Amino acid sequence: MTPECFDVLLAALQDDPVFRNQSNVLQMPVDAQLAIALYRFGHYGNAISTTMVALWAGIGYGMVWLVTNRIMTAVCWEEFQRAALYWPTGAEREEAKQ
């Protein structure tokens, strides 16, 4: 992923309510959460284990799960999908099949 693409994705996700809380304990910055989740998504096999990702990121393995869950919650947010995803029409799907 290019730095520009990362920045665009970060801008689209950072206002999601999942990254805000009512606690006195601050969340990890959204850019760090996104980087950790993308690292995890970009690997497979043993490298994707929460322990390996935690060692790479210097965080607890429970935080890897939490960060991944937050990013996926934001990506599944309806407003993000409307703004960032494009679903082809039936005609476009048929044309692509040809």
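Predicted model: local features only at pLDDT ≥ 70, side-chain atom pairs only at ≥ 80, totals over all residues.

Visitor: Good to know. Which residues of helix α1 are buried?

Guide: In α1, which spans residues 3-13, the buried ones are Phe6, Leu10 and Leu13. They sit on the same side of the helix, because the arc they cover around the axis is only 70 degrees.

Visitor: And what is exposed on the other side of α1?

Guide: There you'll find Glu4 and Val8, both exposed.

Visitor: Back to the buried ones. What do they pack against?

Guide: The buried residues of α1 pack against α2 (30-41), α4 (61-75) and α5.

Visitor: Which residues make up the largest nonpolar core?

Guide: That core has ten residues.

Visitor: Let me zoom in on Ala37. What is it in contact with, leaving aside neighbours within four places in sequence?

Guide: With those neighbours set aside, Ala37 is in contact with Val67, Thr68 and Ile71.

Visitor: Switching topic: how many salt bridges does the structure hold?

Guide: Two. One joins Glu78 to Arg82, with the closest N and O atoms 3.7 Å apart. The other is between the side chains of Glu94 and Lys97, at 3.1 Å from N to O.

Visitor: Where do Glu78 and Arg82 lie relative to each other?

Guide: Both are in helix α5 (residues 78-84). They are four residues apart, so about one helical turn separates them.

Visitor: Is Glu78 buried or exposed? And what about Arg82?

Guide: Glu78 counts as exposed because its relative accessibility is 54%. Arg82 is exposed too, with a relative accessible area of 59%.

Visitor: Then the other pair. Where are Glu94 and Lys97?

Guide: Both lie in helix α6 (residues 90-97). Three residues apart, they are about one turn of the helix from each other.

Visitor: How exposed is each of them?

Guide: Glu94 has 41% relative accessibility, so it counts as partly exposed. Lys97, at 61%, counts as exposed.

Terms used: Residues numbered from 1 in each chain as written. Heavy atoms only, no water. Salt bridge = Lys/Arg side-chain N within 4 Å of Asp/Glu carboxyl O. Helix = DSSP H or I, 4+ residues; strand = E, 2+ residues; numbered from the N terminus. Buried < 20%, exposed > 50% of the residue type's maximum accessible area, 1.4 Å probe, protein only. Arc of directions from axis to C-beta. Contact = heavy atoms within 4.5 Å. Core = buried A, V, L, I, M, F, W, Y, C linked by side-chain atoms within 4.5 Å.
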